[in-house]
Amino acid sequence: NETGNLTIEANGAGDDAIKIIPDGAVELYYDNSKEFQTVANGIELTSDTSASGTEQTIYLSPTTTTDRSRSCSISGLNTDGNNNQALVFKTSAADTPAERLRITHGGEVRVPDNGKFTAGASDDIQIYHDGSNSFISESGAGVLKISGSAGVYINKHDNSETCAAFLHDAAVELYYDNVKQCET
């Protein structure tokens, strides 16, 4: 047919499998439900991921087999009934993918325990949590510099107490139980 859409159906039951729309999208279906389509500037997963928590997943595999034990995946996931979205990156060392990175709808970047944020050609700086303690580790050449325009404060985790204050062009202050004990 020279006009209209080209549709490939499966099972002879009228279930859409592939739909090619002239001057438009190419749509791929799974069990007669649109899962993937081309758009003007790229591609789009189109599965319904309502409050059920269903993931939309793209698998990246180094082989042409369906073996996902050596694959990476990127998933868009609803986390609650309010359609709060997260972008989740997983890798598979076995049959079950393990989450390695999550970017939440609020812009938070999360990694699991022992996951590290690293920078530098030799992983010169690392920020991580081992399940019990948190670390900022500098192992490259040079020094670790922490700077602030008016000063640098070291506070209790919830910012309810000051432990130390390094004030710009002023004092260095040390605190005990949020009471200043010493200053320069």
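Colleague: Gln-37, buried or exposed?

Modeller: Gln-37 counts as buried, because its relative accessibility is 11%. Buried means under 20% relative accessible area, exposed over 50%, and partly exposed in between (1.4 Å probe, protein chains only). This is a predicted model: local features need pLDDT of at least 70, side-chain atom pairs count only at pLDDT 80 or more, and totals for chains, interfaces and linings use all residues. Residues are numbered from 1 along each chain as its sequence is written, and side-chain values use heavy atoms, with hydrogens and water left out.

Colleague: Which strand is Gln-37 in?

Modeller: Strand E4, residues 33–39. Strands (E, at least two residues) are DSSP runs, numbered from the N terminus.

Colleague: And what does its side chain make a polar contact with?

Modeller: The side chain of Lys-34, at 3.0 Å. A polar contact is a pair of N or O atoms within 3.5 Å; within protein, one must be able to donate a hydrogen and the other to accept it, and residues adjacent in sequence count only if both atoms are side-chain atoms.

Colleague: New topic. How many aromatic pairs does the structure hold?

Modeller: One. The ring centres of Tyr-128 and Phe-135 are 4.9 Å apart and the planes are at 20°, so the pair is stacked. Rings of Phe, Tyr and Trp (its six-membered ring) pair if their centres lie within 6.5 Å; planes under 30 degrees apart count as stacked, over 60 as edge-to-face and the rest as tilted.

Colleague: How does Phe-135 count for accessibility?

Modeller: Partly exposed, because its relative accessibility is 30%.

Technical notes
Helix = DSSP H or I, 4+ residues; strand = E, 2+ residues; numbered from the N terminus.
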